[in-house]
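Here is a short note for a colleague meeting this structure for the first time. Please read it with the model open.

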Amino acid sequence: MRWDWSLLAPEYLLAGWAALMALLGLWGRLRAYWLGYVAAAGALASAATSLIWLGDRTAFGDLLAVDHYTTFFRVTFGLIAASVCLISAGYVERFLRHHGEYYAILVVSVIGATYMAAAQELLSAYIALELLSFSLYVLASYAKMDLRSNEGGLKYMLLGAFSSALFLYGLGLIYAVTKTTHYQGIAEALAGDLGGTKGLALLGLSLIVVGLGFKVSAVPFHMWAPDAYEGAPLPVTAFISAISKAAGFALFLKLMVQAFLPLHDDWSPLLASLATVTMLLGNLVAVHQRNIKRLLAYSSIGQVGYLLAGIAALSPETANAASAVLLHLAGYVISNLAAFACVTVYYNWTGKEDIYEYRGLAERAPFVALALSISLFSLAGMPLFAGFVTKFVLFQAIAEADLLWLAAVAVFASFVSLYYYLMVMRQMYLVEPETRERLGVAWPEYGLVAVLVVAIFVVGLGPQPLFNAAQEAASLVYQGAATFAALSP
Amino acid sequence: MVAELFQQYVGVVVATVAGFVLVGAALFANRLLAPRQATRAKGLTYECGMLPIGRGRLQIHFRYYLFAILFLVFDIEAVFLFPWALSFLDVGAMAFYEMLLFIIALGFGLYYAWRKGVLQWR
Amino acid sequence: MLSLLVFLPLAGTALVAVLPRRWEGRARWIALGASLGCLGIALALFAAYDRGGPQFQFVDRHVWLSSDVAPFSVQYALGVDGLSLPLLVLTAFLTVVAVLISWEIGPRPKEYFAWLLVLESSLLGVFSSLDLVLFFLFFELELLPMYFLISIWGTGRRIYSAWKYVFFTFFGSAFMLVGILALGLEAGTFDIRALQEMGPIRQAVLPAPAIFAFLIIGFGIKLPVVPLHTWLPDAHTDAPTAVSVMLAGVLLKMGGYGILRLCISLLPEVARDASLWLGAFAGATILYGALATLMQRDLKRLIAYSSVSHMGYVLLGASALGTVGLVGASMQMFTHGLITGLLFVMVGLVYERTHTRDIGELGGLAARLPYLTVVMVFAGLASLGLPSLAGFVSEATVFLGTFPRHQALAVMGVLGVLLAAAYILWMVQRVFWGEAAPRWQSLQEKVAWWERVPTLALMTVILLVGVYPSPLMDLFEGGIIPIVERLT
């Protein structure tokens with residue numbers, strides 16, 4: 001057992017940075033606008049630091065693993081946080097109070113997210129989950145004087161606490177059956193003869209699935225998401241939609257592969273049906289939305305459905321579906337952040353977030369309109385953009401796991417999703433604007449948007465490097481599990 | 001195995017049920033036996049025998065909550081400190097640094113709260 | 001070389017996109033240059049293609065995405081054979097026509113030409129892809145420019161039509177994607193050449209007939225086949241002239257090409273079983289299209305419905321599953337592209353002068369617009385299959401190929417030609433001859449160079465193919481023979 005404290009350096013950095021942000025906010029010497037840049041620098045530095053362990057395979061005790069999988073997510077989360085900090089800079093200064101704390105909490109939540117990916121046993125995972133969730137509860141209700149923000153934050157917190165309880169209950173049942181909280185130990189115990197306790201194990205497993213389903217907002221546990229998304233300040237919505245999904249699936253994937261693969265035949269249909277409902281409902285309800293944040297909320301529910309389908313397609317034999325899930329997760333995060341960055345820029349100019357308010361944007365701010373179109377097309381899975389490649393690989397993996405019907409549902413759901421994305425584009429390109437007055441130019445945000453759009457194209461046209469990274473990350477998760485796959489009947 | 005696990009709880013269940021029954025029985029007996037006569041004085045708020053001042057609904061200043069939370073933080077610190085003190089010798093120097101870090105973190109929080117003006121009664 | 005051809009228009013798009021606003025008018029020159037360049041490359045390929053050589057030539061192949069943990073790879077693979085090469089030339093040629101014909105497009109010319117070039121790129125990509133995923137990618141990419149082209153520069157209920165177009169196509173592509181995934185899973189590769197080598201499908205995730213049906217739905221919407229055709233009249237009618245030309249001239253061919261290249265070539269056993277069904281749908285398409293054409297009052301809608309009827313011949317020829325029938329089908333794709341392209345150009349030019357397309361309001365235009373009348377009559381005669389013009393060659397070949405296999409259906413096809421003669425001649429009579437309404441007395445015919453050049457070029461090619469079709473036919477035959485070999 002190795003207790004090498006230096007393995008956790010990126011998180012020390014983040015913790016220190018959080019304290020720094022709080023202090024900077026306290027002293028108030030620095031303009032609030034620049035705080036965002038300082039925070040982004042910290043998140044980037046942490047992502048860069050995590051690359052030191054690239055290629056390493058070490059564990060911090062039995063609690064956390066520091067390997068490709070962790071590194072993949074450390075980098076992903078670091079980049080998410082950095083982007084969100086940059087998106088926030090203008091918004092937070094204008095619309096929110098207590099700037100230092102905002103960034104501090106944001107940075108702290110990355111630690112929670114990272115440990116969700118790194119955890120090797122259930123309790124660490126649970127604590128990490130709570131660290132992330134609590135940060136997000138506070139952030140969601142950060143617009144203190146805004147009733148919608150309070151309402152959304154409250155709903156988020158109550159349902160989040162409820163789902164945590166379910167998760168914890170499931171965890172307890174699993175512990176009761178297997179007498180361990182370590183993923184590998186659980187897999188060993190489950191692969192053995194369970195006797196009469198199998199039902200209990202399945203109950204625990206489904207409770208864990210339900211708990212995580214709440215966190216990633218899978219239908220039918222999604223009720224909090226649209227309200228929380230709509231109420232939360234815009235950059236926070238972007239953050240929740242990116243990091244809570246990414247971290248939730250980081251934990252979900254690892255848990256399913258390393259701990260519950262022996263029960264694969266039991267949970268695969270369950271997840272497949274959850275995925276079906278999530279894809280269909282998320283995308284169909286999105287069609288009716290009038291508010292861009294709610295639209296993106298439902299669209300992200302739809303995306304969760306694809307990812308769940310990918311998890312349902314996990315198989316003991318290959319790591320194909322796992323790497324496809326990671327790839328799609330990365331593609332989704334990039335496209336989604338790009339979309340939110342554009343929405344935030346527009347909100348900073350006008351304070352409007354209804355879809356019809358986007359009318360004629362192509363004439364008033366061509367760059368933002370184009371970038372938003374690109375990111376929405378990418379979310380819809382149009383060719384050339386990241387979304388097509390990642391979805392294609394994902395659907396291919398799903399079909400390969402003998403779930404062709406599920407892949408067909410996913411394709412159909414994508415078809416529906418194009419409709420509401422095109423509705424937004426219709427407003428921007430086809431409807432006459434209210435005034436022809438050009439909106440200003442927001443250079444720093446434009447820079448970020450440009451980087452994200454370029455990333456969308458890079459992933460869309462040359463996905464091999466990212467795919468390789470995802471494969472390596474996924475194969476490592478499997479190496480731990482592979483030995484037990486042989487044991488399972 | 002699980003059945004055994006649950007068998008141990010039978011006692012708890014019995015005790016719980018018995019508790020509810022006993023308390024319920026006592027209240028019910030009280031209801032049956034005691035004389036009932038409502039007077040105005042009986043409906044008044046009890047304030048150590050004096051006549052009540054002001055109205056029944058009392059607003060507590062919001063600042064108390066902040067103090068309460070701050071107090072809670074140090075309460076938790078105490079909860080950690082006692083077991084730490086007991087196992088301090090076994091764990092060795094590491095324990096000292098860990099607790100130091102913990103207290104510094106708490107101290108940072110206190111400093112932050114102080115500077116934010118939580119400790120001032122305005 | 002092939003990559004250059006496919007990406008040259010995209011380069012043109014990039015150039016147009018960065019053009020400063022005050023030089024907006026120059027976008028058309030860039031578009032013209034890019035499309036002429038493409039035409040040059042396509043013709044060079046046409047000349048350089050070795051007719052005795054391997055099936056696929058000018059192959060450009062790179063691994064695009066591969067996995068180390070699963071037998072799964074997607075390639076960037078381009079190549080042409082006798083079937084796709086003429087279609088590439090057709091695409092490049094019609095794009096030049098489309099650019100010229102929209103020389104004075106109204107608002108936002110910069111965006112317009114940018115989208116037009118994206119459209120060309122995606123079409124060229126579809127016809128030259130050797131990998132199913134790449135094929136699908138280009139097939140989908142075409143939606144983007146079409147949506148914007150119809151809904152921004154269209155007329156009438158343009159937004160409704162654009163939506164309808166996007167929905168039908170996307171609906172079909174959803175089925176197609178599932179079919180492609182199933183095919184790829186079965187073979188472990190998406191390479192069309194490798195898939196051709198693969199024997200009959202025995203045990204796939206989906207039974208082979210289902211894969212076939214899924215692909216047919218996708219391509220049948222594009223072609224279009226009758227119950228799935230309703231998007232076409234709307235999209236054609238409301239699109240700007242140049243886009244109608246591209247739509248009728250090239251986009252419909254994606255459906256026919258897909259049926260030949262994927263359905264028949266990759267799943268020959270199923271195709272054999274489904275031959276009669278395909279033929280029946282083809283017959284229905286031909287007759288229904290022709291009858292519907294007779295009823296139209298809108299000039300452009302009339303041409304659109306005649307397109308439905310004519311594309312039925314492609315499916316009819318394909319259903320015969322013989323060398324002659326398949327060559328006829330591919331010839332029909334080529335000639336229909338030219339003829340209908342010309343017809344749509346003419347309708348656009350007439351509309352620009354009269355500002356109405358209602359056949360009842362038009363009449364007696366021949367005296368006022370002699371040049372347009374001549375060209376329109378020429379195109380109409382080509383469309384109804386006058387010998388020595390292109391339409392005759394392909395339709396005759398289709399009938400020759402179909403007759404031995406499905407006699408009744410071939411007769412239905414001939415009936416379609418009779419109806420075609422009826423609706424074309426009746427249309428010409430109503431629009432160009434007869435008493436001119438007083439409002440047309442003041443019409444002046446001024447034909448600009450950018451109107452004259454494409455019409456003359458199209459007429460030349462139609463005549464050329466009509467009197468000397470053998471180079472083209474030989475080329476198609478070279479592409480068809482490997483397919484037929486697999487069928488027998």
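This is a predicted model: local features need pLDDT of at least 70, side-chain atom pairs count only at pLDDT 80 or more; totals for chains, interfaces and linings use all residues.

The numbered points below go through the chains, their contacts and some local details.

1. Local features are described only where pLDDT is at least 70. Side-chain atom pairs count only at pLDDT 80 or more. Totals for chains and interfaces use all residues.

2. Chain A, overall. Chain A has 19 helices and two strands. Its C-alpha trace spans about 70 × 50 × 40 Å along the principal axes. Buried residues make up 66% of chain A.

3. Chain C, overall. Chain C also comes to 19 helices and two strands. Along its principal axes, the C-alpha trace of chain C covers about 75 × 60 × 40 Å. For 488 residues a compact globule would have a radius of gyration near 23 Å, and the 21 Å of chain C agrees. Of the residues in chain C, 63% are buried. Residues 24 or more positions apart supply 80% of the contacts in chain C with a separation of 6 or more.

4. Chain B, overall. Chain B has four helices and zero strands. Its pattern along the sequence is α-α-α-α. The radius of gyration of chain B is 26 Å, well over the 14 Å from the globule rule for 122 residues, so chain B is more spread out than a compact globule. Its C-alpha atoms fill a box of roughly 70 × 60 × 25 Å along the principal axes. Buried residues come to 0% of chain B.

5. Helix 3 of chain B. This helix runs over residues 63-91 and has 29 residues. From first C-alpha to last it reaches 40 Å, close to the expected 42 Å. There is a bend of about 45° at Ala85(B). The number of buried residues in helix 3 of chain B is zero, so the helix lies largely in the open. Just after the helix, Gly92(B) has a positive phi of about 95°.

6. Which chains touch. Two pairs of chains touch, and the pair with the most contacts is A and C. Chains B and C share no contact. The closest C-alpha atoms of chains B and C are 41 Å apart.

7. The contact between chains A and C. Chain A gives 30 residues to this contact and chain C gives 26. On the chain A side, helix 13 (320-350), helix 16 (386-400), helix 17 (404-429) and helix 19 (464-487) each supply at least two residues. Helix 17 of chain A has the largest share of that side, with nine residues. By class, the chain A side holds 21 nonpolar, seven polar and two charged residues.

8. The largest nonpolar core. This core has 415 residues. Val107(A), Met116(A), Ile398(A) and Ala407(A) touch the most other members. Helix 13 of chain A gives the largest share of the core, 21 residues. What does Ile398(A) contact, leaving aside its neighbours within four places in sequence? Its partners include Ala309(A), Gly310(A), Ala313(A) and Ala407(A).

9. A covered helix. Helix 12 of chain A covers residues 292-312. Its 21 residues should span 30 Å at 1.5 Å a residue, and the end C-alpha atoms are 30 Å apart, which agrees. Helix 12 of chain A is mostly covered, with 21 of its 21 residues buried.

10. Backbone points to check. Most residues other than glycine have a negative phi, and most peptide bonds are trans. The bond from Val219(A) to Pro220(A) is cis, with omega near 5°. Pro220(A) sits in the loop between helix 8 and helix 9 of chain A. The bond from Leu223(C) to Pro224(C) is cis as well, with omega near -5°. Pro224(C) is in the loop between helix 9 and helix 10 of chain C.

11. Positive phi outside glycine. Lys179(A) has a phi near 60°. Its place is the loop between helix 6 and helix 7 of chain A. Lys179(A) counts as exposed, with 11 C-beta neighbours inside 10 Å. His355(C) likewise has a phi near 60°. His355(C) lies in the loop between helix 14 and helix 15 of chain C. With 8 C-beta neighbours inside 10 Å, His355(C) counts as exposed.

Technical notes:
Residues are numbered from 1 along each chain as its sequence is written. Chains are lettered from A and ligands numbered from 1 in the order in which they are written. Two residues are in contact if their C-beta atoms, placed from the backbone, lie within 7 Å. The radius of gyration is taken over C-alpha atoms; the globule rule is 2.2 Å times the number of residues to the power 0.38. A residue is buried if 20 or more other C-beta atoms lie within 10 Å of its own, exposed if 12 or fewer, and partly exposed in between; C-beta atoms are placed from the backbone. Ala, Val, Leu, Ile, Met, Phe, Trp, Tyr, Cys and Pro count as nonpolar, Asp, Glu, Lys and Arg as charged, and the others, Gly among them, as polar. A nonpolar core is a set of buried Ala, Val, Leu, Ile, Met, Phe, Trp, Tyr and Cys residues joined through C-beta atoms within 7 Å. The expected span of a helix is 1.5 Å times one less than its number of residues. The bend at a residue is the angle between axes fitted to the seven residues ending there and the seven starting there.
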